[in-house]
Amino acid sequence: MLINVKYIMGSDLIKKHKITVGNKKYPLSIERSKTRKKSYTGLYDAKDKKFIIKVPYFFTDNDSLESFNMLFRNTNLTEYIQEREIYYKQELQKESRFSFKQGSTFLFKGVEYSLTINVNEELSKPEIKLIEDKIMITVKRKEENSEDNIKKIIKKWYKKNARPYFKERIKEHFYIIEDHSKYNFKFEDLKFRLQDNKSTWGSVNYKIPSINLTWQFIMLPEKMLDYIIIHELTHYASPRKRNNMHSIKFEKNMDKFLPEHKEIEKEILDRYTYVFQF
Ligand SMILES: [Zn+2]
């Protein structure tokens, strides 16, 4: 790899340089920080289409450029830039995945519905109905159809539907506790809570038997909800080894209770992680 570094112009704190990759030139920003002691780091910023190298305050321009060369010496910059740009585009798509306007689409139990908003002044509170391939929302006044308000209405509706449905699915898989667990509590004793956590799909508590599930699973196909429920219940059937929640025994149990669990997990990760951003 050959980087052609050319000094352009600069202030005292950030000096601008250019990196040539293939036949394109990209700006390089040197960002000096007083809290950074000796380490440096760098990346390609796909939003601004520039490289950034973050270095300690006392690094000279040459130190910084040398650090840049060290950091990327084994990297194919053309491929790296491409990867970063694809990733950036995907992230943008995720963010803009949800809009709350006429014609926006929403998933419910894995099926897609398109949003229709009506006004009915006779109503006392907003209504939601699924009719064929539509999710119909009726509000009392025209002003109530702001995206924020529609989002609130849909979220409330999702959670209201999730509660009995998730419980029914937990009951379906409760044989994991009855037949395979040393914890012998009854289904009625298992506390259940919907959580709003974007980073954890579910969790269990061993002391008070309880299961927390992320409500956004209401959007996904049933097998994916079942996957997270079976995963959580399997914790009660697989003794923990110190801090290792997912022991070999746990994996073996998962293979037994849901042989295709790895494929399902992959499908969630590949296609559906954006739903957790709702
Ligand atoms: Zn787990």
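The paragraphs below go from the nonpolar cores to the strands and helices around them.

This is a predicted model: local features need pLDDT of at least 70, side-chain atom pairs count only at pLDDT 80 or more, and totals for chains, interfaces and linings use all residues. Residues are numbered from 1 along each chain as its sequence is written.

Start with the largest nonpolar core, which has 34 residues. A nonpolar core is a set of buried Ala, Val, Leu, Ile, Met, Phe, Trp, Tyr and Cys residues joined through C-beta atoms within 7 Å. Buried means 20 or more other C-beta atoms within 10 Å of the residue's own; exposed means 12 or fewer, and partly exposed lies in between, with C-beta atoms placed from the backbone. Phe217, Leu225, Ile228 and Leu233 have the most contacts inside this core. Two or more residues each come from strand E9 (134–139), helix H3 (147–172), helix H4 (175–180), strand E12 (210–214) and helix H5 (222–237). These elements are DSSP runs numbered from the N terminus: helices (H or I) of at least four residues, strands (E) of at least two. H5 gives the most, with nine residues. Domain 2 (105–155) and domain 3 (157–277) both contribute, so the core lies between them. The domain bounds come from an automatic or database domain assignment.

Now look at E9. Its covered face holds Ile135, Ile137 and Val139, and its uncovered face holds Lys134, Met136 and Thr138. In a regular strand the side chains alternate between the two faces of the sheet. Strand E7 (residues 111–119) pairs with E9 in the parallel sense over six bridges; strands pair if DSSP finds at least two bridges between them. Ile117 has Ile137 as its bridge partner in E9. Strand E8 (residues 127–131) runs antiparallel to E9, joined by five bridges. The E8–E9 hairpin has two residues between the strands, and Glu132 there takes a positive phi near 50°.

Next comes an open sheet of three strands, in the order E10-E12-E11, with mixed pairing. Strand E10 (191–195) and strand E11 (202–205) are the edges, each pairing on one side only. E10 and E12 pair in the parallel sense over five bridges. Leu194 has Leu213 as its bridge partner in E12.

Finish at helix H1 (residues 61–71). Ser64, Leu65, Ser67 and Phe68 are its buried residues. On the other side of H1, Asn62 and Met70 are exposed.
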